[in-house]
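Hi,

Here is the structure I promised to pass on, with my notes below it. Have a look at the coordinates first and then read on.

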Amino acid sequence: MADGVRAVVADDSHFMRSVISDILSDGGITVVAQARDGEEAVSAVIEHKPDVVTMDVEMPVMNGIEATERIMAESPTPVLMLSAHTDENADVTFEALDKGAVDFFTKPGGEVSMEMSRLKDQLVEMVSSVAAVDVGATRSRGGTSSDNGAAAPTAGGSATDRKETGGSSGQTAYVANPTLVIGSSTGGPKMVEQVMENLPIEADLRVLIIQHMPEGFTGRFAERINTRSDYEVREATDGARIGGGEGLVAAGDRHMEVKNYRNGRLRTKLTQDEPVNSVRPAVDVTMRTAAETIDDPLVGLILTGMGEDGADGIRRIKQAGGKTIAQDEATSAVYGMPKRAVETGCVDTVLPIDDIADGIIDTITTEVT
């Protein structure tokens, strides 16, 4: 997968540049240049035209955020942020995603060389996946839209109010007590935010979001979604309960199970059981327990990401009578998880990112006679 990939490694630490470069080289990735700061990174990208850049967040002269913005403006290239595991770095890492970075990888604490060596396969796989992203296409789609670019259906004040549907002479109403489970990985944060921005609160969804993301970042991710959408979204805690109009983001390094469901309210349980599909939180865990527990309308959505997590979950939701949607290849940063989901034969609809919010609404509306 890594054969032929050319990378620029940017980090202000000579030691980290060497460790990262050695790991990538051992994994079959050619490191064409190293940069000590953001300014050198921009110059290296313009000169060498690499397939991907690994970008440290905090660097002298020009930081990783500014460098990413410059690269996207002058020579659009997929950027993978390498971020330290701190709350402050969580904020600036998400800012880098806003500027065009595809995803991020957290640097380990402690004995860095030993920990990086342990994570080498994961880093090589992620760099290879990010290198395959067409950032020109991603940016033309607008990423997360602050103006709610994809118009959501309008509705009245409750989930059962009637609304007009374009192209139909009849009227439709939202079903009662629907639940949406969203799974995503590489390239997913901006996609999740876009979907959530365009879901009308009148749909009264309960939303469970599983984004492959480390501990320390999922709380900030939940805050961003809460700010950008009409839904009340927070990071999941053990025993958390939600009803209509609310959402939970699976906490980093914890599986999120749906423990029980009654009268339109669900309760979650967080566990540190073994990783599933090599990840924790795993989409499959939440989707499987949702399918087993929820007896009201259920929708499963798989967005961009590498690997196969979510494929079994989609199968379980479909078998339980739920509706299933996957993001299409053209708008996915990495068409891994959606592809595996589609291959199960249990995906009802494949849609581009701009149409997914409307696609969700279509699954939870019924005609009023």
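Before the strands come up, one convention: two strands count as paired if DSSP finds at least two bridges between them. Also keep in mind that this is a predicted model.

**The seven-stranded sheet**

With that convention, strand E8 (residues 179-184) and strand E9 (residues 206-211) pair in the parallel sense over six bridges. Within that pair, Ile182 stands opposite Ile209 in E9. Both strands belong to an open sheet of seven, ordered E10-E12-E9-E8-E15-E16-E17, and the pairing is parallel. The edges are taken by strand E10 (232-235) and strand E17 (349-351); each has a single partner strand, so one side of each is left without a neighbour in the sheet. From one strand to the next, the twist averages 20°.

**The annotated active site**

Which residues does UniProt list for "active site"? The record, an unreviewed entry, gives Ser185, His212 and Asp309. They span 125 residues in sequence, yet no two of their C-alpha atoms are more than 9.7 Å apart, so they gather at one spot.

Ser185 is in the loop between E8 and H8, and at 8% relative accessibility it counts as buried. Leaving out neighbours within four places in sequence, Ser185 is in contact with Asp103, Gln211, His212, Thr304, Gly305, Met306 and Met337.

Asp309 sits in the loop between E15 and H11. Asp309 is buried too, with a relative accessible area of 2%. Not counting residues up to four places away in sequence, Asp309 touches a list that includes His212, Asn277, Pro281, Asp284 and Met337. So His212 turns up among the contacts of Ser185 and among those of Asp309, given that contact means heavy atoms within 4.5 Å.

**Helices**

Helix H8 (residues 188-197) has 10 of its 10 residues buried, so it is largely enclosed by the rest of the structure. Among the buried residues of H8 are some with charged side chains by class, including Lys190, Glu193 and Glu197.

How do helices H10 and H11 lie relative to one another? The axes of H10 (residues 283-293) and H11 (residues 311-319) come within 8 Å and cross at roughly 10°. That makes H10 roughly parallel to H11, because angles under 35 degrees count that way. On the H10 side, Asp284, Met287, Arg288, Ala291 and Glu292 take part, and they meet Ala311, Asp312, Gly313, Ile314, Arg316 and Ile317 in H11. By class, this contact has five nonpolar, one polar and five charged residues. H11 also lies across strand E15 (298-302) and strand E16 (323-327), running at about 160° to E15.

**Backbone details to check**

A few torsions may interest you. The peptide bond from Arg280 to Pro281 is cis, with omega near 10°. Pro281 is in the loop between E14 and H10, and Asn277 lies in that loop as well. Asn277 has a phi near 55°, a positive value in a residue other than glycine, and at 30% relative accessibility it counts as partly exposed.

Asp253 is another non-glycine residue with positive phi, near 65°. Its place is the loop between strand E12 (246-249) and E13, and Asp253 is partly exposed, with a relative accessible area of 26%.

Strand E13 (residues 255-262) runs antiparallel to strand E14 (residues 265-271), and seven bridges join them. Val258 stands opposite Thr268 in E14. The two strands form a hairpin with two residues between them, and Asn263 in the turn has a positive phi of about 50°.

**Strand E3 and the annotated aspartate**

For "modified residue: 4-aspartylphosphate", UniProt lists Asp56, again in an unreviewed entry. Asp56 is found in strand E3 (residues 52-56). Is Asp56 buried or exposed? It is buried, with a relative accessible area of 6%. Beyond its neighbours within four places in sequence, Asp56 is in contact with Ala10, Asp11, Asp12, Gly64, Met81, Leu82 and Lys107.

Val53 lies in strand E3 too, and counts as buried at 0% relative accessibility. Setting aside neighbours within four places in sequence, Val53 is in contact with Val8, Val45, Thr77, Pro78, Val79 and Leu80. Val53 and Ala33 are 20 residues apart in sequence and 9.7 Å apart in space, C-alpha to C-alpha.

Cheers

How values were computed. Residues are numbered from 1 along each chain as its sequence is written. This is a predicted model: local features need pLDDT of at least 70, side-chain atom pairs count only at pLDDT 80 or more; totals for chains, interfaces and linings use all residues. Side-chain values use heavy atoms; hydrogens and water are left out. Axes are lines fitted to C-alpha atoms, for helices over the stretch in contact, and angles run from 0 to 180 degrees between N-to-C directions. Helices (H or I, at least four residues) and strands (E, at least two) are DSSP runs, numbered from the N terminus. Angles under 35 degrees count as roughly parallel, over 145 as roughly antiparallel, 65 to 115 as roughly perpendicular and the rest as oblique. Buried means under 20% relative accessible area, exposed over 50%, partly exposed in between (1.4 Å probe, protein chains only). UniProt positions are given in the numbering used here, feature names are shortened, and annotations may be inferred rather than shown by experiment.
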